[in-house]
Amino acid sequence: MVPVAPRPRTSPQRLLSGYAAGGFGLLVVGLGGWWFTVAMGVIVHLGLQEYFRMAQRSGIRPAVKTTLVLSQLLLLTTQWANGGDAGIGFAADLAAAMLPLSGAAICGWLLLQPVTGSIADISASIFGFFYLGFLPSHWIRLRDLTDLALAPRLAGWPPGWPPVSAGMVLMLMACLLIVATDIGSYVIGRRLGRHPLSPVSPGKTVEGAIGGLGCAALLGAFWGELLGWHWGWAVGGLLGGVVAVFALVGDLTESMMKRGAGVKDSGDVIPGHGGILDRIDSYLFTPAVFFYVVTLLLPLIR
């Protein structure tokens, strides 16, 4: 059995940065709309810059500026399509077209460079757009959900302040499931962890991963009942487990990229946490999974 690397003690600086990030997140989620989209745009921009710096350290020449611009356009068109009545027409079609059009534009840009792009340059650029553009855009789609059938208990919510929507509550649920995964993995892994989970992240253990999955499933079961879903405890628990798995996939994917680039952290923007990617890696694959489970599965079991 390979020994597991000891986890460092959490520093006060790390705690303060975490609380500040959490408070900012609650604020923009509560505001929603274009405020939330602008905040997402800043996070995506910073995350993409870190991603491309790691790619460049590996000898790759991605289409940095083109991908940065196209990712912002994707977020803006997603909000335009889902934030109001515009979603039924041109805006929805434009948002749907952004992924294929952006892929074509990235390839065209690399083709026109003095040194023609390689397959690695194309792959890194398009994956960057997918990883830090298309996937995070599902947070906007989730926040803009208004169908009260997805959160039946909100139908009895009194009108007035504070305004609560299905999207706000579901996004809060998704974020808390990720937090529960992180906390469960950390606590169980620190106390009981014996078996390393993956060589790309020596501090993670099988026991920690199971603990994180269990905590997310329990919290998901609670939320499923709280929101009034049919078979809420079962559906919520299943959703919590799925979120835990993809949060872990996101975490390990970023660790794999950092190992390939030969860096410990993706950046140093957040004191005590490293870069933006180090903080949001668990939040990248999960929104799409959560969004499609909620919007496709829940209507089938009403």
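A: Start with L26, which sits in helix α1, residues 12-31. The model is a predicted one. L26 has a relative accessibility of 58%. The cut-off for exposed is over 50%, so L26 counts as exposed.

Now the patch itself. L26 is one of its members, together with L172, L176, V179, I183 and V187. These residues make a nonpolar surface patch of about 460 Å². Which helix gives the most to the nonpolar patch? Helix α7 does, with five residues. That helix covers residues 166-192.

Next, a buried site. T66 lies in helix α3, which runs over residues 64-82. Its relative accessible area is 17%. Buried means under 20%, so T66 is buried. Which residues does T66 touch, leaving aside those up to four places away in sequence? They are I106 and W109.

Last, a loop site. W231 is in the loop between α8 and α9. Helix α8 spans 206-226, and α9 spans 232-261. The backbone at W231 has a positive phi of about 55°. Yet W231 is not a glycine. Is W231 buried or exposed? W231 is exposed, because its relative accessible area is 55% and the exposed class begins over 50%.

Terms used: Residues numbered from 1 in each chain as written. Predicted model: local features only at pLDDT ≥ 70, side-chain atom pairs only at ≥ 80, totals over all residues. Heavy atoms only, no water. Patch = residues over 30% accessible without salt bridge, like charges linked within 9 Å, V, L, I, M, F, W, Y side chains within 5 Å. Areas by Shrake-Rupley, 256 points an atom, 1.4 Å probe, with all protein chains shown as cover. Salt bridge = Lys/Arg side-chain N within 4 Å of Asp/Glu carboxyl O. Helix = DSSP H or I, 4+ residues; strand = E, 2+ residues; numbered from the N terminus. Buried < 20%, exposed > 50% of the residue type's maximum accessible area, 1.4 Å probe, protein only. Contact = heavy atoms within 4.5 Å.
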